[in-house]
Amino acid sequence: MRVKIEEIQGLEPLTVSEAIKPETMAEYLADAGGFSLARATPLTVTFKRVSGRVLVRGGFVGNFSVPCKRCLSDETIEVPVDFSLRMVEEARRSEEDDAQAGEGAGGGTGRRKKRTKQQKKDDDGEAEIAASFELDEIDAEPFDGKTIDLDPIVREQVLLALPVAVVCREDCKGLCTVCGQNLNESDCGHAGKKEVDVRLAKLKDIKLKN
Ligand SMILES: [Zn+2]
Ligand SMILES: [Zn+2]
């Protein structure tokens, strides 16, 4: 989802709602350890201008399929994904950096823009650290001042919202390490015995002829 800042009229909040495309979510979940989206409510996001920043609040509720960590059975979990963050124009932030560095309001807008790009190239890391010292901007995300692209934001929020591991139930017995039987369904009798690799167990029965 992309929103042009000019669509946000004055101080009126702008609310946008959009279905999450399955292929977009599949991309988000590529490295998420087996999660896939079963279904989701539309992503609804409200944008509001507040003193040069844009407040972004939004979310959706997703139903995700994921294998149980122990027995690998398919589970579906409901995960609310909610986020609230402030976007700050990149140029504005570096202007503030300039002011702090004591360079004052010297050059025109053109020069500043040029510097922003150069600065980003030169000392990306340092600029980031410097910005993090500014309490006010600690949780502010930079954007180009024209368009807010929600894709990377939603991706990050989805990955943060998903649990690290899912089990089908607290006392899931998992799979037998000897024969692979789902121990929640039946007991194969291997439990408690010394764990033997099934392939090695077969080797034990082979009798050599000489
Ligand atoms: Zn399980
Ligand atoms: Zn077994």
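Colleague: In what order do the elements of the chain run from the N terminus on?
Modeller: This is a predicted model, in which local features need pLDDT of at least 70 and side-chain atom pairs count only at pLDDT 80 or more, while totals for chains, interfaces and linings use all residues. Residues are numbered from 1 along each chain as its sequence is written, and chains are lettered from A and ligands numbered from 1 in the order in which they are written. Helices (H or I, at least four residues) and strands (E, at least two) are DSSP runs numbered from the N terminus. With six helices and eight strands in the chain, the order is β-β-α-β-β-β-β-α-α-α-β-β-α-α.

Colleague: How many bridges join S5 and S6?
Modeller: Two strands pair if DSSP finds at least two bridges between them. Strand S6 covers residues 74-89 and pairs with S5 in the antiparallel sense. Val56 stands opposite Leu85 in S6. The number of bridges between S5 and S6 is 15.

Colleague: Which residue in the turn of the S4 and S5 hairpin has a positive phi?
Modeller: Strand S4 (residues 43-50) runs antiparallel to S5, with seven bridges joining them. The bridge partner of Thr46 in S5 is Arg57. Two residues lie between S4 and S5 in the hairpin, and the one with a positive phi, about 35 degrees, is Ser51.

Colleague: What is the bridge partner of Ala40 in S5?
Modeller: Strand S3 (residues 36-40) and strand S5 (residues 53-67) run antiparallel, joined by four bridges. In S5, the partner of Ala40 is Gly62.

Colleague: What percentage of the residues of the chain count as buried?
Modeller: A residue is buried if 20 or more other C-beta atoms, placed from the backbone, lie within 10 Å of its own, exposed if 12 or fewer do, and partly exposed in between. Of the 210 residues of the chain, the buried share is 10%.

Colleague: Which residues is Phe35 in contact with, leaving aside its neighbours within four places in sequence?
Modeller: Two residues are in contact if their C-beta atoms, placed from the backbone, lie within 7 Å. With those neighbours left aside, the contacts of Phe35 are Leu29, Phe64, Val66 and Leu162.
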